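Subject: Structure for your review

Dear colleague,

Please find below the structure that I am handing over to you.

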Amino acid sequence: MELFEMAVAALSAEFPADERGRMLRSPGIKTSGKFYAFATSADLVVKLPAARVAELVATGIGRPCEPRPGRPMREWVRVVPADDAACLAYLREARAFVAFLTR
């Protein structure tokens, strides 16, 4: 996903200690050793609080992340950002959540 690569490059300038890696065979990004986002060929998948995930799914903006059918990951949601600004906003939101968890 090209938007993901552009947003990660911008975010890396702000947070140079964040690392790239692979999650579920997809390119991802992590902070303090914990993944907060990865990209599939069609979606951006971000880690957010369960209530925020439920909100995004309920409004139709997001879809549950289910690597195994019928077993959604509670704090992960699939979204399709409209543009690079939206993609970067999702990444920042996910990073803030994961950074809070790893304090």
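A search of the whole structure finds 9 salt bridges, a salt bridge being a side-chain nitrogen of Lys or Arg within 4 Å of a carboxyl oxygen of Asp or Glu. Please note that this is a predicted model, in which local features need pLDDT of at least 70 and side-chain atom pairs count only at pLDDT 80 or more, while totals for chains, interfaces and linings use all residues. Residues are numbered from 1 along each chain as its sequence is written, and side-chain values use heavy atoms, with hydrogens and water left out.

One of the salt bridges joins Glu 14 to Arg 92, with 2.2 Å between the closest N and O atoms. This pair links distant parts of the chain, 78 residues apart: Glu 14 belongs to helix H1 (residues 2-14) and Arg 92 to helix H3 (residues 84-101). Helices (H or I, at least four residues) and strands (E, at least two) are DSSP runs, numbered from the N terminus. Glu 14 is partly exposed, at a relative accessible area of 39%, and Arg 92 is also partly exposed, at 38%. In these notes, buried means under 20% relative accessible area, exposed means over 50%, and partly exposed lies in between (1.4 Å probe, protein chains only).

A second example is the salt bridge between the side chains of Asp 43 and Arg 63, at 2.7 Å from N to O. Asp 43 is buried, with a relative accessible area of 5%, whereas Arg 63 is partly exposed, at 46%. Both residues also belong to a network of salt bridges that includes Arg 78.

A further salt bridge is formed by the side chains of Glu 75 and Arg 74, with an N to O distance of 3.9 Å. Here Glu 75 is buried, at 19% relative accessible area, while Arg 74 is exposed, at 60%.

Turning to the cysteines, the search of the whole structure finds 0 disulfides, a disulfide being a pair of cysteine sulfur atoms within 2.5 Å. Cys 65 is in no disulfide, and the nearest cysteine sulfur, that of Cys 87, is 15 Å away. That distance is too far for a bond. Cys 65 is buried, at 0% relative accessibility, and Cys 87 is buried, at 0% as well.

Yours sincerely
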